[in-house]
Amino acid sequence: MDYQKVKEMNSLCNDEIVSEFKCRNGFAELSIETKKAVVQRVNETSRKEAEDESRLPLLEAAYTTILQGLGENTDRQGLLRTPLRAAKAMQFLTKGYHETVYDILNDAIFDEDHEELVIVKDIDVFSLCEHHLVPFFGKVHIGYLPNKKVVGLSKLARIVEIYSRRLQVQERLTKQIAMAISEALQPAGVAVVIEATHMCMVMRGVQKMNSRTVTSAMLGSFREDPKTREEFLALTKNA
């Protein structure tokens, strides 16, 4: 198997920016279990890519039917490759169905004697409303109270990506992010707030340009202790 692909090497090297040469030489020094995990992940990625490729013709045909149903001429120059492009775009926008939290956490959970609030705020989020298949987008604020374990900060943004790259409603997305962090880290508490603009309310329907939807999920200490919850909300409040 070719372990030298840049994408695979980045996964192997725990997302650090290193040279391919250094990464290649480092592989031999990994434990047997880590090597097995890397091989399994590479195989799983290849399988998912093959599945996407096999489903492309079906999606392409569906988009062709939609365009024809709208009265468009799918043989005109501007639309010749639109069904294929739209099919690939939809696969990318829903790639979270093929990913799990444990795929991206790798070895990024660390023992650390830290029990104070950790917050990552203003994480960009883009998703598709499952009711109309149009986007909603905004910011995610995440906080957790560690229980002797912390996670690499970029992994919180990656967890957001996993669940937002699916057909969603904002309420469920908020809870899924919180539950995923809670299950992976077993912290004393998790808080997630999402503020988003929904194009189904802007482009169609009531067409309210400035409306924003705010949802929250509070687990553990954030639900039980008003002071902890207030601290999180105060620190994530935009001035």
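Predicted model: local features only at pLDDT ≥ 70, side-chain atom pairs only at ≥ 80, totals over all residues.
The expected span of a helix is 1.5 Å times one less than its number of residues.

The burial of residues along H4 was examined next. Pro83, Leu84, Ala87, Met90 and Gln91 are the buried residues named in this helix. Viewed down the axis of H4, the buried residues fall within an arc of 125°, and they therefore line one face of the helix.

H7 has 16 residues, and the distance from its first C-alpha to its last is 23 Å, close to the 22 Å expected at 1.5 Å a residue. Its buried residues are Gln170, Leu173, Thr174, Ile177, Ala178, Ala180, Ile181, Ala184 and Leu185. Around the axis these residues cover an arc of only 160°, which places them on the same side of H7. The exposed residues Glu171 and Lys175 are carried by the face of H7 that is turned away from the buried side. Just after H7, glutamine 186 adopts a positive phi of about 50°.

Two packed helices are described by the angle between their axes and the distance between the axes. Helix H6 (residues 153-164) packs with helix H7 (residues 170-185) at an angle of about 135°, and their axes are 10 Å apart. Because angles over 145 degrees count as roughly antiparallel and those from 65 to 115 as roughly perpendicular, this angle makes H6 oblique to H7. The crossing in which H6 passes H7 is right-handed.

Finally, the cysteines were inspected for covalent links. A disulfide is a covalent bond between the sulfur atoms of two cysteines. A search of the whole structure finds 0 disulfides. Cysteine 129 takes part in no disulfide, and the nearest cysteine sulfur, that of cysteine 200, lies 4.4 Å away. Cysteine 200 is likewise in no disulfide, its nearest cysteine sulfur being that of cysteine 129. The separation of 4.4 Å is to be read against the cut-off, because a disulfide requires a pair of cysteine sulfur atoms within 2.5 Å. Cysteine 129 has a relative accessibility of 6% and therefore counts as buried. Cysteine 200, at 12% relative accessibility, also counts as buried, since the term applies to values under 20%.

Methods
Residues numbered from 1 in each chain as written. Heavy atoms only, no water. Buried < 20%, exposed > 50% of the residue type's maximum accessible area, 1.4 Å probe, protein only. Helix = DSSP H or I, 4+ residues; strand = E, 2+ residues; numbered from the N terminus. Arc of directions from axis to C-beta. Axes fitted to C-alpha atoms, helices over the stretch in contact; angles between N-to-C directions. Parallel < 35°, antiparallel > 145°, perpendicular 65-115°, else oblique. Left-handed = near helix turned anticlockwise from the far one by under 90°.
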